[in-house]
Protein chains: 4
Amino acid sequence: MLSFENDYSSAAAPQILDRLQHIAAEQHPGYGSDQYCQMATEKIRQACQNPEADVWFLTGGTQTNATVLDTITPAYAGIVCADSGHINVHEAGAVEATGHKVLTIPGKNGKLVAADVDDYCSQFEGDANHTHMVYPGSVYVSQSTEYGTVYSRDELAALAQVAHDHGMPLYVDGARLGYALESSECDMTLADMAMIADVFTIGGTKQGALFGEAVVFTKHNTPSHFLTLIKQHGALLAKGFLLGLQFDTLFTDNLYFRLAKHADDAAERIRTALLSKGYTLTFDSPTNQIMITVTNEQADALIKQVRLSFIERLDKDHVVLRICTSWATTDEQVDALIALL
Amino acid sequence: MLSFENDYSSAAAPQILDRLQHIAAEQHPGYGSDQYCQMATEKIRQACQNPEADVWFLTGGTQTNATVLDTITPAYAGIVCADSGHINVHEAGAVEATGHKVLTIPGKNGKLVAADVDDYCSQFEGDANHTHMVYPGSVYVSQSTEYGTVYSRDELAALAQVAHDHGMPLYVDGARLGYALESSECDMTLADMAMIADVFTIGGTKQGALFGEAVVFTKHNTPSHFLTLIKQHGALLAKGFLLGLQFDTLFTDNLYFRLAKHADDAAERIRTALLSKGYTLTFDSPTNQIMITVTNEQADALIKQVRLSFIERLDKDHVVLRICTSWATTDEQVDALIALL
Amino acid sequence: MLSFENDYSSAAAPQILDRLQHIAAEQHPGYGSDQYCQMATEKIRQACQNPEADVWFLTGGTQTNATVLDTITPAYAGIVCADSGHINVHEAGAVEATGHKVLTIPGKNGKLVAADVDDYCSQFEGDANHTHMVYPGSVYVSQSTEYGTVYSRDELAALAQVAHDHGMPLYVDGARLGYALESSECDMTLADMAMIADVFTIGGTKQGALFGEAVVFTKHNTPSHFLTLIKQHGALLAKGFLLGLQFDTLFTDNLYFRLAKHADDAAERIRTALLSKGYTLTFDSPTNQIMITVTNEQADALIKQVRLSFIERLDKDHVVLRICTSWATTDEQVDALIALL
Amino acid sequence: MLSFENDYSSAAAPQILDRLQHIAAEQHPGYGSDQYCQMATEKIRQACQNPEADVWFLTGGTQTNATVLDTITPAYAGIVCADSGHINVHEAGAVEATGHKVLTIPGKNGKLVAADVDDYCSQFEGDANHTHMVYPGSVYVSQSTEYGTVYSRDELAALAQVAHDHGMPLYVDGARLGYALESSECDMTLADMAMIADVFTIGGTKQGALFGEAVVFTKHNTPSHFLTLIKQHGALLAKGFLLGLQFDTLFTDNLYFRLAKHADDAAERIRTALLSKGYTLTFDSPTNQIMITVTNEQADALIKQVRLSFIERLDKDHVVLRICTSWATTDEQVDALIALL
């Protein structure tokens, strides 16, 4: 059955599978101390225009978020996050399981607004005693967001400024970073991200790799003994060279961004078709995730023909569905989807 | 350089890499709800002669140990473990990070002895008040052990009996289960394991897979909401079908055990050579890990020619090194090693 | 300076201080195994009309909430709570530090509404997959609430029903239980509470004791090894007999309720005066906490003459202050406060 | 029945109970921001000859150990402790519940030996990779120890030196600090302790107070936001002034040390009697705890006449019992005990 259910339904880009075949006879030291991790690190540093960035490779998104946030947030503090943020809603409490509260602020189109963060954090200064409250200790955003929307360069820089004004690092979850950066509406580059964020991730799982997230600390700010902390969080892959190999491949010949652009283009075709056929887009998202608001009847009809993600029930009569393209989406699949809309 | 450093230095068995190529164009639902996980589950149930076993697929060993032990051990209790146990020594405190104390008992050749566990647990009954102590809440062993030794069927059954007598489940870490079961000294089968252990793992990472550990609950005893708990522990792979595919391959045509036997045979050749050349084996291990006690000078000479693992310093003049074969070890590598011993 | 800042500014009721003097020469076994704890337990059971209730004595409110909620909430689950709930706002993340997420629902006058809880929990059944979300695992309310409001018997019974419908226990934080039960608007008794709640506390700290909270499990539902769990949470007092002695005194001759009524009456006098002088009550609270909405100038004038608690800034021009009476408030203090309003 | 069971069986020194009566009509701000805490802090600073020490007041010993150790030990690290240490054996895993492993080293007479700590920590430097192990992050000792023994000034200074050499703070649990400092064998003062330890506690619970432990950070090294961390650990007493009042009293006219000396003298009389009657002292302890090794029959006879603590079973025929004096022990009680020995 046709599927636009998510962006992690296919194995990996052919370039990655081919390289796996080629290294089958090799032997590598474990836990990321291999040459591929070193090569991938160099390529990512170059792509970030940050030759001294610290780069680490972990396996999955939730484990990466929990590991990084736990280690950059002070023990007495929590993590500021949009109410719709992935760590707040869809990670099974993995962050709270490390002992930190997620401090939510209502988002706008899935995005945190710098002024709102400033207002929230400012209450911890001034005329009242807040020693019994959970201090804001770090800021979490994702680029793109849960709703497929993107932060502009200025929006993200403003968030970083507010975070720093209040003594907090800004962490950007880039599980879909490529899809964001390649989208028509996004005015920032990977180098911008490496300038603005204190730490961010470059998602592999949803963008062409079998699995894997690269974590980039941009300011010589890797927590002390981070490798041990990764291990303690159950996030250290024995065969780290598999992560290195994949990211080395993705950052060769711009593959990471080419794959992302492919998905964004496919989404754009679908979005155009949706609008021409009178569908309601729930959010104005320029990336590979398209949210549509449909009646129960429309939803029932659609999901008989194509696998989509159910996002939420809006009211008695309407639901939000997600159409998700990926690096692996084919033109034929897009055509087939458009035909049945 | 020649390497007998560990059993996770090579990518994966060719059968697995080939299948990855073949499924490149497929799309699968996420998080283990795919057909390959279902197929692998059925094959593992059959191999275990336990048609109702619950089978789960996680990514890495440390994360698997922490996730399972945290969820099967009562909140007020700790985990009984040999002092040399992997969770006690080499997992960066991942178990304690979940809030549970590891309760150590001196092992014999890396193995817990049932009578010692019984003595330890019996102190919590009877003439003294132990409400201020950490109760024993589960038992952890690995098959094979950190020292490459193996439990006999009777030894493990005795441990299970003692554990059950004290109201505890027995968990067996099978990161190297194949190497244990295929060893010449081991008198137990996978079906025996599924009879004796309450929950055990079948290691993929060290035994032919790219990564992955299968967790088998043998007695309808999977903790409630276990999928959510896996996610909370950061251990749920988005592309769960990659785990299913690998284990389905490993349990097709007995591949898992054939790969293990290959490594055990290679180790046996090396062991024979070591003894004939007068080396001292630190432990009498019949599996793919060989510990040798050598002088500092011998160690220096060896590690100039072959990558080995440093295990520990015995005294001022002696260290223990580990020679480790794997499913990927070639006859040529064994010959080369023997030549330079 | 005159103070209506809180209800824990005075040492303890004279009856408690006197008894402390009388037992000065006695020796008692530790950790709650003494005769006073036994006597207090019996008196509380009688007052609850629940002869089989399990009663435990802990030291402070936050530690009690964290200890009980951590032990009654499944590991995969969170705690449903009004957004204004004490555990959510003013306990420094003590609950999250045990690994559980606090799941907030907007409250009405500080109270959770049963239908809202039902709606929230119902989303975890039915047409969507919620295995990546934090399940609701227990319900937290306080009687009286943060805003001094009280649940009626029917409101609380409805919450218990909804909680049980969704498989959750209802926990009532009774840090100010006496003030609630003795208030003119409250139509429930301690026996009602012991019928409705699965576990609740009887606050001593704010109601006449030096310190101490009694925890009452009403349905033979004390978690296994609870004494060890109390100890593990750092909440086991060595001299438990001090807790027993205090609660035995409070539940002799109805002292607990007489002290509470005294504070409620004092608050009622103040409330009448406030209304007659044109003050705005922020909430319609019938207990010992009175929230008033005042201008910045009014606030400045007031806090020069009397210690009050700052609650929150409503807008640029207005703040909420709290006037709090206690068992120790004297008529003279009330007169003095009314005079300066 | 006569009792030498422990040193926390009596309420409090009369001076404390009297002062409680005198402050009954007072009102104080909460959570330690009162004048008594300030006065007690000044007196403790003076007694420590450290005018800039940071002093905090918590309620109980286990909660204090867990709160301080969790906040001074890096997230990736564990706490070095003698195998017999209180946090390792008798605190129900409260330290592990905060996520840190307790790293045990065999003690000598209950004491950590500096050279052993050095050896242990030195393995984390040098020729092997220890990134998968739990690093030593802080050192825990108690003065006096679980066995009633005391560290000499030199022994403790050597431990501090080794700790600092390895980048760790030295924490001294002084639950029985007075009994140690006043013992005939102890050559150190409170000022010495404040010179040597990075952080230590002055126990109140076992030494004349109703409850309470003072925590002294000696080097401007209080963790950031420590009050919030205390609250998060459930260890912040609402009526902090009760703690201030008690410690202010204990550090007035040297009361703390006079009470301790009283108990040590009583123990000395008992020890002399025990030796003259041929009893075997299990340890050579000069403080208020006397461990005796007796046959099962002796033990049975003794505990029919006097409450003592059972410590452990040595072998089939022998057990260790503890005779414990306190600040409240009377001459008559000592006479009665000696008479029945």
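Which exposed residues does the face of H13(C) turned away from its buried side carry? Keep that question in mind as you go through these points; the model is a predicted one.

1. Start with helix H13 of chain C, which covers residues 331–340. Four of its residues are buried: C:Gln333, C:Val334, C:Leu337 and C:Ile338. They sit on the same side of H13(C) because they span an arc of only 130° around the axis.

2. Now for the opening question. On the face of H13(C) turned away from the buried side you will find C:Glu332 and C:Ala339, both exposed. And what do the buried residues of H13(C) pack against? Their partners in chain C are strand S1 (2–3), helix H11 (255–276), strand S11 (306–307) and strand S13 (318–324).

3. Next, look at where chain A meets chain C. Here 19 residues of chain A are in contact with 19 residues of chain C. The two chains bury about 1500 Å² between them, and 53% of that is on carbon and sulfur atoms. There are 8 residue pairs in polar contact between chain A and chain C, counting pairs with both residues at pLDDT 80 or more. On the chain A side, helix H4 (86–89), helix H5 (94–97) and strand S12 (309–313) each supply at least two of the residues that touch chain C. That side of chain A divides into 8 nonpolar, 6 polar and 5 charged residues.

4. How many salt bridges are there between chain A and chain C? The count is 2.

5. Staying in chain A, have a look at A:His166, in the loop between helix H7 (153–165) and strand S6 (170–173). Is A:His166 buried or exposed? With a relative accessible area of 17%, A:His166 is buried, since the cut-off for buried is under 20%. Apart from neighbours within four places in sequence, A:His166 is in contact with A:Asp118, A:Cys121, A:Ser122 and A:Glu125. With A:Glu125 there is also a polar contact of 3.3 Å between the side chains.

6. Over all chains, the structure holds 56 salt bridges. In chain A, the side chains of A:Lys111 and A:Glu155 form one of 3.0 Å, N to O. This pair links distant parts of the chain, 44 residues apart: A:Lys111 is in the loop between strand S4 (102–105) and helix H6 (114–122), while A:Glu155 is in helix H7. A:Lys111 is buried at 14% relative accessible area, whereas A:Glu155 is partly exposed at 35%.

7. D:Arg271 pairs with D:Glu268, their closest N and O atoms being 3.2 Å apart. Both belong to helix H11 of chain D and lie 3 residues apart, about one turn of the helix. D:Arg271 is buried at 5% relative accessibility, and D:Glu268 is partly exposed at 37%. The other salt bridge joins the side chains of D:Asp335 and D:Arg269, at 2.4 Å, N to O. D:Asp335 lies in helix H13 and D:Arg269 in helix H11, so this pair ties together parts that are 66 residues apart in sequence.

Terms used:
Residues numbered from 1 in each chain as written. Chains lettered and ligands numbered in written order. Predicted model: local features only at pLDDT ≥ 70, side-chain atom pairs only at ≥ 80, totals over all residues. Heavy atoms only, no water. Buried < 20%, exposed > 50% of the residue type's maximum accessible area, 1.4 Å probe, protein only. Arc of directions from axis to C-beta. Contact = heavy atoms within 4.5 Å. Buried area = accessible area lost by both parts, 1.4 Å probe. Salt bridge = Lys/Arg side-chain N within 4 Å of Asp/Glu carboxyl O. Polar contact = N/O pair within 3.5 Å; in protein donor to acceptor, adjacent residues only side chain to side chain. Nonpolar A, V, L, I, M, F, W, Y, C, P; charged D, E, K, R; others polar.
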